[in-house]
Amino acid sequence: MAVNRKVVAAALLLALLAPGCDFTRRFVNKPWGWGTVIPALVCGGIGAGTGVIIQNNRPGCTAANIGDNDPVVVCDDKDHWKGGLIGGAIGVALCGLAGHYLFDPEPEPEAPPPPPPPPPLEEPAPVKRRIVLRGVNFDFDKSDIRPDSRPVLDEAIATLSENPEIRVSVQGHTDSRGTEEYNMKLSERRANAVYRYLVAGGIAPARMEVVGMGESNPVADNSTDSGRAQNRRVELVILNSTE
């Protein structure tokens, strides 16, 4: 009987180790269910009966005739239950593990991870917006602000006061009469005249820069009086707004 137990134990160990890592992964990850229980119960009963038979036929048991009846196997130590217990345990273990591996349902597959978020959109480059003070008129070869231009400048002061985050470039322009050097200086004087008016109206100097553009950026035809009058102007260009 000792040899048989060693053989059974070795067979059980071989059955567990032979499938390798795939068996281990399936065995650990799968939920236990009826696929384990039913084979374990069936094989436990069969194993217990087989164990009793093996125990009765071990060395030391003899057959004896009692009267006219068939021979009866008689064991000296009366250990039938040991064979049934060992055989039942082996049957439960082997068939339970095999049933779990073969019949229990596979675990639900894990949901795939969500897709990565899209890359952030690049912010558009700031767009410079212009406030053109076309009503700010300058006489020929003059940088003085005329009285009829003050309402337009007052409106610009109100707009800048309502938007304190805005910085502006005060850009002066001239028509094409005169030399480029002279017109550049004249455009600077006109820009400075508007700058001083805005500062007097409460706009912080740090919010403004003064630029003379000369005759380089006409908005009308310099060959006519009306065109030249339009070119004698001052523009406010917003430096830091995307609106």
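**Close-up views of a predicted model**

View 1. Strand β6 runs antiparallel to β4, and five bridges join the two. Within this pairing, S169 is found opposite V237 of β6.

View 2. R232 belongs to the loop that lies between α7 (225–231) and β6. Is R232 buried or exposed? R232 has a relative accessible area of 11%, and because the limit for a buried residue is under 20%, R232 counts as buried. The side chain of R232 makes a polar contact of 2.9 Å with the side chain of D175. When neighbours within four places in sequence are left aside, the residues in contact with R232 are V136, F138, D139, F140, H173, T174, D175, R177 and R190.

**View 3. Helix α5.** Helix α5 covers residues 150–162. Its 13 residues, at 1.5 Å a residue, should span 18 Å, and the end C-alpha atoms are 18 Å apart, which agrees. Four residues of α5 are named as buried: L153, A156, I157 and L160. Seen down the helix axis, the buried residues of α5 fall within an arc of 100°, so they line one face of the helix. An α-helix has 3.6 residues a turn, so residues three or four places apart point the same way. P151, E155 and E162 are exposed on the other side of α5.

View 4. The 21 residues of α6 should span 30 Å at 1.5 Å a residue; the end C-alpha atoms of α6 are 30 Å apart, in agreement. The buried residues of α6 are N183, L186, S187, R190, A191, A193, V194, Y197 and L198. Their directions, seen down the axis of α6, fall within an arc of 145°, so these residues line one face of the helix. E181, R196 and A200 are exposed on the other side of α6. After α6 comes G202, which has a positive phi, near 105°.

**View 5. The largest nonpolar core.** This core has 20 residues. Which of them touch the most other members? They are I145, L160, V170, V194 and L198. At least two residues of the core are supplied by each of α5, β4 (168–172), α6 (180–200) and β6 (234–238). The largest share comes from α6, with five residues. L198 touches L153, I157, L160, V170, I203, M208 and L236, not counting residues up to four places away in sequence.

**View 6. The chain as a whole, for orientation.** Seven helices and six strands make up the secondary structure elements of the chain. Along the sequence they follow the pattern α-α-α-β-β-α-β-α-β-α-β-α-β. The chain has 243 residues, of which 30% count as buried. Of the contacts with a separation of 6 or more, 73% are between residues 24 or more positions apart.

Methods:
Residues are numbered from 1 along each chain as its sequence is written. This is a predicted model: local features need pLDDT of at least 70, side-chain atom pairs count only at pLDDT 80 or more; totals for chains, interfaces and linings use all residues. Side-chain values use heavy atoms; hydrogens and water are left out. The expected span of a helix is 1.5 Å times one less than its number of residues. Buried means under 20% relative accessible area, exposed over 50%, partly exposed in between (1.4 Å probe, protein chains only). The arc is that of the directions from the helix axis to the C-beta atoms. A nonpolar core is a set of buried Ala, Val, Leu, Ile, Met, Phe, Trp, Tyr and Cys residues joined through side-chain atoms within 4.5 Å. Contact means heavy atoms within 4.5 Å. Two strands pair if DSSP finds at least two bridges between them. A polar contact is a pair of N or O atoms within 3.5 Å; within protein, one must be able to donate a hydrogen and the other to accept it, and residues adjacent in sequence count only if both atoms are side-chain atoms.
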